[in-house]
Amino acid sequence: MSDETTPICSAKGCRTPAVWVLAWNNPKVHTPERRKTWIACDEHREHLSQFLGVRNFLKDVVPLTEWEAPEGSGRS
């Protein structure tokens with residue numbers, strides 16, 4: 001991947017390439033099958049997972065290389 005297409009970590013201010021997908025949804029806003037995504041580098045995976053987990057939004061954490069958006073999940 002080139003620098004222009006390399007996914008970058010979602011953590012504020014981080015410019016490190018992402019290697020994890022954190023799939024989540026807000027049950028007050030999204031249907032149960034809907035999955036929004038944040039992507040994370042190794043350093044920020046746990047922090048972002050905890051942020052979503054405390055809110056009961058986190059549904060799954062998978063390596064970016066293995067991520068496939070579920071059908072009907074809308075935009076990732």
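Visitor: At 23% relative accessibility, what does W38 count as?
Guide: First, a heads-up: this is a predicted model, where local features need pLDDT of at least 70, side-chain atom pairs count only at pLDDT 80 or more, and totals for chains, interfaces and linings use all residues. Residues are numbered from 1 along each chain as its sequence is written, and side-chain values use heavy atoms, leaving out hydrogens and water. Now the cut-offs: buried means under 20% relative accessible area, exposed means over 50%, and partly exposed is in between, using a 1.4 Å probe and protein chains only. At 23%, W38 therefore counts as partly exposed.

Visitor: Which pattern does the protein follow along the sequence?
Guide: Helices (H or I, at least four residues) and strands (E, at least two) are DSSP runs, numbered from the N terminus. The protein has 1 helix and 3 strands. Read along the sequence, they give β-β-α-β.

Visitor: What is the order of the strands in the open sheet?
Guide: Two strands pair if DSSP finds at least two bridges between them. Here β1 and β3 (58-63) pair in the antiparallel sense over 5 bridges, and 5 bridges also join β1 to β2, again antiparallel. Put together, the open sheet of 3 strands has the order β2-β1-β3.

Visitor: Which strands stand at the edges?
Guide: The order of the open sheet is β2-β1-β3. Two strands have just a single partner each, so one side of each is left without a neighbour in the sheet. These edge strands are β2 and β3.

Visitor: What angle does the direction of helix α1 make with that of β2?
Guide: Axes are lines fitted to C-alpha atoms, for helices over the stretch in contact, and angles run from 0 to 180 degrees between N-to-C directions. Contact means heavy atoms within 4.5 Å. Helix α1 (residues 42-54) packs on the sheet and touches β1, β2 and β3, and its direction makes an angle with that of β2 of about 150 degrees.

Visitor: How many of the 5 residues of β1 are buried?
Guide: In a regular strand the side chains alternate between the two faces of the sheet. In β1, W20, L22 and W24 point one way while V21 and A23 point the other way, and all are buried. That leaves β1 largely enclosed by the rest of the structure, with a buried count of 5 of the 5.

Visitor: What is the count of disulfides?
Guide: A disulfide is a pair of cysteine sulfur atoms within 2.5 Å. The sulfur of C9 has its closest cysteine sulfur in C41, 3.8 Å away, which is too far for a bond. Both residues are tucked away, C9 being buried at 5% relative accessible area and C41 buried at 3%. By this rule the count is 0.

Visitor: What kind of aromatic pair do W38 and F51 form?
Guide: Rings of Phe, Tyr and Trp (its six-membered ring) pair if their centres lie within 6.5 Å; planes under 30 degrees apart count as stacked, over 60 as edge-to-face and the rest as tilted. The whole structure holds 3 aromatic pairs. W38 and F51 sit 5.7 Å apart, centre to centre, with 35 degrees between the planes. W38 lies in strand β2 and F51 in helix α1, so the pair ties together parts 13 residues apart in sequence, and its kind is tilted.

Visitor: Which residue lies over the face of F51?
Guide: A charge sits over a ring if NZ of Lys or CZ of Arg is within 6 Å of the ring centre and within 35 degrees of the ring normal. One case is R45, whose charged end sits over the ring of W20, 4.4 Å from its centre. F51 is partly exposed at 36% relative accessibility, and the residue over its face, at 3.6 Å from the ring centre, is R55.

Visitor: Is N56 buried or exposed?
Guide: N56 lies in the loop between α1 and β3, and its phi is near 60 degrees, a positive value in a residue other than glycine. With a relative accessible area of 59%, N56 is exposed.
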